[in-house]
Amino acid sequence: MDRSQYRQQCVYIPQDFILIEHLTVLETMDYAAELKMPSASRSMMVRKKKVNDILQVLGLDGSMHTLVKNLSGGEKKRLSIGIEMVCNPPIILLDEPTSGLDSVSAMQLMSYAKTLAMEGRTVVCVIHQPSSSLFNLFDELYLLSAGMCIYHGPVDEMVGVFAETGFHCPKFYNRADFALEVASKSPKEVEYLMLKYSKQPVTARKLSRQDNSSDDRSSGEVCEFFAQLRVIAHILVGFLLGIVFYRCGEDASHVMTNGASLFFFQLFIFFGNAMPCVITCKSCHVLGSIVWLASLAYFKQSHLLSSAVPLEARVFIRERLNNWYSLEAYYVSKIFADLPLQMICPTLFIVIAYFMTGQPLEWERFGMLWLINLLLGMYAQTVGLLSGAAFDIQMATFFVPCFSIPSMLFSGFFVKSFEMPEFLQPAVYTSFFRYSFQGSLQAIYSYNRTNLPCSDIVCYFNKPAKFLKFMDTPEEGYWNNVSIVAGFIVLFQIVLYIVLRHRLKIYQ
C-alpha cells in the first residue's frame, strides 16, 4: 500500500484535537459527515442517523446545540473522536483517547472503539494507566520502556512472558499497572526484553513536545480578536485622517494636501490589511504525532507547515491529512470566506475619510475611489498571506515593508517618473502603489471635474487637469489601473497557492 492509499484508509485522532469553537456540536458533526461520508451515503436521512448514533454512543446527544467552546474537556475529546468516525475508516489511530474522561465515559468510549475493532477495523490506541476493565478490551499490546519495545503480542500472554524473565504479577493485580511497573524499571533490568523484541539496539529517545498551555486563547478566539481589531483600526484611522485632512478636498488652495490625503489612504489600506495577515499566519503550530514510533518524524516536520497557512492551520492540516478535502477546496473557500472582512474594512475607512476630507459628493466618484482601494486591500492581504506562508515570523514582518517601500518610491507621489534617472524609469511600471494612486487621483479629479473654488487670491491648481498633469497622471485610464491592480491580485494568489502546495508536499 503506497502513501496515498494509506492516508485514505487511515485517520489519526490526536490528543490535542483542534475544533472550530464557534460551531455547535451538531453543526460540527454535520460538517464532518458532509465532507467525509461517501456520496452514496450522504443523503439527509442517512447522515442525520449516522450523526445521531455517534452522538448517542459518545454521550453527546444532550449537548447537540452547545457551542464547542462551552464544552468540557471530556466532551471535546469525545467530539474529536466522533467527527473522525463518521466514515468508519478501516484504520483508526487514537492518541490518549481517554485523557480528560471519567471512568464511565472512558469505558463507554473504549467499548465503542472495541466494537469498531470487532467489525474488522484496526484500532490503535496510545493509552496511559488504563483501568483493569479498559485493559481487558485490548487484543494486542505494544509496550515501550525508555523508547524501546519490551513486549509486543497478545495481552493475555504478557504476564507469562514477563514471568519468564523474573517479573511476576501478583494475583488479583491490575495487569496494566504491572506492565507500567515493568516498563518503568531501568534499561539494565529489562535489557533481555529489549533485546528480545528489538531487532537491533536503539538508543533511548526523548520526544520533545511543545507546550501550548501558555496560550490562553484558542485559534478561533485569536482569529476573532484580529478581525475585530482590524475593523476598529479602520474606523479609528478613518476618523483620524478625516480630522487631519478635514475638508481639504473642497478648496483649490489645498489640492496638494488633498493629494497627500489620498496617498495616505493607500498606505493605511495596504499596511492595515497586509500586516495582520502576516501575524495571524504565524500563530499556529501543526498537530502532534500519530503513535510513538512515528511521532518523532512528525514533530520534526510540524514547523515546516506552521507558517504555511492562515490562523486555522492546525484544523486545516488535520482535516487535509485525514482526507476531508483537497488543498484546492480549502484555498478557494478561504478566498470567499475572507471576502466579507476584505470588503468591510476598506469600505468603513473610505466612507468615513471620504466625506470628512471633503471629496466631491458624487456617487460615481465615491464608487471609483472605493473600488480601487478595495482592490488594493485585497492585494495587501494576499501579500501578507504570501509572506507568512513563505517565511518565518521574523523574515515575514521584514519582507512586507521591504517589498512595499520600492513601490512607494516609484508611485509618483514623491518623485515623478520623468524626474528620475532614465535607467530607473521603467521601474515605475512595477509599482502597485502607482496604479492605485493614479486610480484614486483619476476618481477625484478626472472625468470632467469642474473647476475648484479658490479661497485665496490665486490658486494654480483650480483646474483639476493641471493637477493631474503635475502628478504625471493621465486624465483617462482609470479602468486600466483597476485592471492592473486586479492582475497583481491574481498573480500573487497564484504564487501563494504554489507556495502552499509546496509546503504541504514537503509535510506529506
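Trainee: Which domains give residues to the lining of the largest cavity?
Mentor: Domain 1 (3–198) and domain 2 (220–278 + 302–507) both contribute, so the cavity lies between them. Keep in mind that this is a predicted model.

Trainee: How many cavities of 30 Å³ or more does a search of the whole structure find?
Mentor: The search finds 1. The space in the largest cavity is about 50 Å³.

Trainee: Which residues lie nearest its centre?
Mentor: L19, I20, T28, Y31 and E319. They belong to a lining of 10 residues.

Trainee: And which helices each supply at least two residues of that lining?
Mentor: Helix 2 (25–36) and helix 13 (313–321). Helix 13 gives the largest share, with 3 residues.

Trainee: How does the lining divide into nonpolar, polar and charged?
Mentor: There are 7 nonpolar residues, 1 polar and 2 charged.

Trainee: New topic: P14. Where does P14 lie?
Mentor: In the loop that runs between strand 1 (10–13) and helix 2.

Trainee: Is P14 buried or exposed?
Mentor: P14 is buried, because its relative accessible area is 3%, and the cut-off for buried is under 20%.

Trainee: What separates the C-alpha atoms of P14 and I81?
Mentor: A distance of 9.0 Å. Along the chain, P14 and I81 are 67 residues apart.

Definitions and conventions:
Residues are numbered from 1 along each chain as its sequence is written. This is a predicted model: local features need pLDDT of at least 70, side-chain atom pairs count only at pLDDT 80 or more; totals for chains, interfaces and linings use all residues. Side-chain values use heavy atoms; hydrogens and water are left out. Helices (H or I, at least four residues) and strands (E, at least two) are DSSP runs, numbered from the N terminus. Buried means under 20% relative accessible area, exposed over 50%, partly exposed in between (1.4 Å probe, protein chains only). On a 1 Å grid over the protein atoms alone, a cavity is a set of points where a 1.4 Å probe fits but cannot get out, and a pocket is an open set with protein on both sides within 12 Å along at least five of seven lines; lining residues have an atom within 4 Å of a point. Grid points are joined across faces, edges and corners, and a volume is the space filled by probe spheres set on the points. Ala, Val, Leu, Ile, Met, Phe, Trp, Tyr, Cys and Pro count as nonpolar, Asp, Glu, Lys and Arg as charged, and the others, Gly among them, as polar. Domain bounds come from an automatic or database domain assignment.
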